[in-house]
Amino acid sequence: PLARALRSDKLTLAALETTLRHYLDPNEALREIPVLRMLAVTPQELRRRCRRLQRRLAPLAEELHCEIVPEPSAVGGGALPLTELPGVALALRPQTLSVDALATRLRLGTPAVVGRRRDDLFIINPRTLRQDEEATLCAAITSALAP
């Protein structure tokens, strides 16, 4: 009965086949498999993403200090649970509320924004952030800072 419950169905096998076909061409794999694309992001590209976010958040300068800080990315899971990738992240230091309050507002907002708290900073790692999501993230941060 356990083997019957855990066996793969046609859809699972079809998805696995498609994914494995992407791996035959490394360029196609990077283009079509999101997690590979995210793992391949260079520290230079992360810095560019952080700078774009800083520019978008510049109107909030009185309420929010933004800086780019070194921040490794944990690969996690599977065969690489302890592996870290070098990189940078955007560190937010709110001026009008606590870091915990900002984190809570962002987590409970729509869309929810999950970052990491380090010291008196709220860290946003842009490794998994697509460029078309940057405006939404900045809007969420702006909303979270509103009284």
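What is the order of the four strands in the open sheet? I opened the notebook with that one, keeping in mind that this is a predicted model.

**Entry 1: the sheet.** I read the order as β1-β4-β6-β5, with antiparallel pairing, in an open sheet of four strands. Next I looked at the edges. β1 (64–70) and β5 (116–118) stand there, and each has a single partner strand, so one side of each is left without a neighbour in the sheet. I also looked up the twist, which averages 35° from one strand to the next.

**Entry 2: strand pairs.** I went through the pairings of β4 with β1 and β6. β1 and β4 run antiparallel and are joined by seven bridges. For a landmark here I picked L64, whose bridge partner in β4 is P94. On to β4 (residues 88–94) and β6: this pair is antiparallel too, over three bridges. Two of the partners I noted are in β6: F122 for L92, and I124 for L90.

**Entry 3: helices on the sheet.** Which strands does helix α5 touch? I found α5 (residues 43–57) packed on the sheet, in touch with β1 and β4. The direction of α5 makes about 25° with that of β4. Then I turned to helix α6 (residues 99–108), which lies across β1, β4, β5 and β6. Against β6, helix α6 runs at about 35°.

**Entry 4: cover on β4.** How many of the seven residues of β4 are buried? I get six, and I would call the strand mostly covered. For my own reference, a residue is buried here if its relative accessible area is under 20%.

**Entry 5: the largest pocket.** I finished with the open space. The largest pocket has a volume of about 550 Å³. It is lined by 24 residues, and those closest to its centre are V114, N125, R127, T128 and L129. I then asked which elements give two or more residues to the lining, and I wrote down α4 (34–39), β2 (73–74), β6 (121–124) and α7 (134–145). α4 gives the most, with three residues.

Entry 6: What kinds of residues make up the lining of the largest pocket? My tally reads 15 nonpolar, five polar and four charged.

Definitions and conventions: Residues numbered from 1 in each chain as written. Predicted model: local features only at pLDDT ≥ 70, side-chain atom pairs only at ≥ 80, totals over all residues. Heavy atoms only, no water. 1 Å grid on protein atoms, 1.4 Å probe; cavity = no way out; pocket = protein on both sides within 12 Å on 5 of 7 lines; lining within 4 Å. Points joined across faces, edges and corners; volume = space filled by probe spheres on them. Nonpolar A, V, L, I, M, F, W, Y, C, P; charged D, E, K, R; others polar. Pairing = 2+ DSSP bridges. Axes fitted to C-alpha atoms, helices over the stretch in contact; angles between N-to-C directions. Contact = heavy atoms within 4.5 Å. Buried < 20%, exposed > 50% of the residue type's maximum accessible area, 1.4 Å probe, protein only.
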